[in-house]
Amino acid sequence: MSLDVSPQLLAEAENGEVREQDFMETVRTSLPYAYDLISRLAEELRSGTAEFADNQTPPPSEKERGQLLRALSSDAIRGSLERHFGIALAFQNCHRVAAFRPEARGGATHTRFTSPRAQILNQSPEFRDC
């Protein structure tokens, strides 16, 4: 299961729309490694001048890797993280996630990062089972 949903949030969902802040809190507490990593990348992006901030360090364990994969493979979670932090996310492999400024989506650097060529060049045997 991706998220530890409280009975209160489940009731909120059953009765209509879920408040984004409630959903984000559930993501933060359910997927702390992924949330903290993306928070750190967003802060690096905001505080610097680089076109993007990315993570190239593998997670410490499969538990954390699973959190990152679940966060980025869910449209709802990924979209909420992007809105919450004001970024556009891009993902290449088991742990290389990058934060771009939203207006950079579709630009030259973002397009290079998300290209098939970049995906191929960012592969290695240790990523095959992730």
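Here are a few friendly notes to read alongside the structure.

1. Before you start, keep in mind that this is a predicted model.

2. Begin with the sheet. Three strands make an open sheet, arranged S1-S3-S2, and their pairing is antiparallel. S1 (52-54) and S2 (88-91) are at the edges with a single partner strand each, so one side of each has no neighbour in the sheet. On average, neighbouring strands here are turned by 25° against each other, ignoring direction.

3. Now look at one pair of strands. S1 and S3 (residues 97-100) run antiparallel and are joined over three bridges. Which residue of S3 is the bridge partner of Phe52? That partner is Phe100.

4. Next, find helix H3 (residues 32-47), which lies across S1, S2 and S3 and runs at about 40° to S3.

5. Then turn to the inside. The largest nonpolar core has 24 residues, and those touching the most other members are Val27, Ile77, Leu81 and Ile87. H2 (20-30), H3, H4 (62-73), H5 (75-85) and S3 each give this core at least two residues. Which element supplies the largest share? H3 does, with eight residues. In soluble globular proteins, nonpolar side chains tend to be buried together.

6. Beyond its neighbours within four places in sequence, Val27 contacts Leu3, Pro32, Tyr35, Ile77 and Leu81.

7. Finally, there is a second, separate core of five residues, including Ala90, Ala98, Phe100 and Phe113.

Key: Residues are numbered from 1 along each chain as its sequence is written. This is a predicted model: local features need pLDDT of at least 70, side-chain atom pairs count only at pLDDT 80 or more; totals for chains, interfaces and linings use all residues. Side-chain values use heavy atoms; hydrogens and water are left out. Two strands pair if DSSP finds at least two bridges between them. Helices (H or I, at least four residues) and strands (E, at least two) are DSSP runs, numbered from the N terminus. Axes are lines fitted to C-alpha atoms, for helices over the stretch in contact, and angles run from 0 to 180 degrees between N-to-C directions. Contact means heavy atoms within 4.5 Å. A nonpolar core is a set of buried Ala, Val, Leu, Ile, Met, Phe, Trp, Tyr and Cys residues joined through side-chain atoms within 4.5 Å. Buried means under 20% relative accessible area, exposed over 50%, partly exposed in between (1.4 Å probe, protein chains only).
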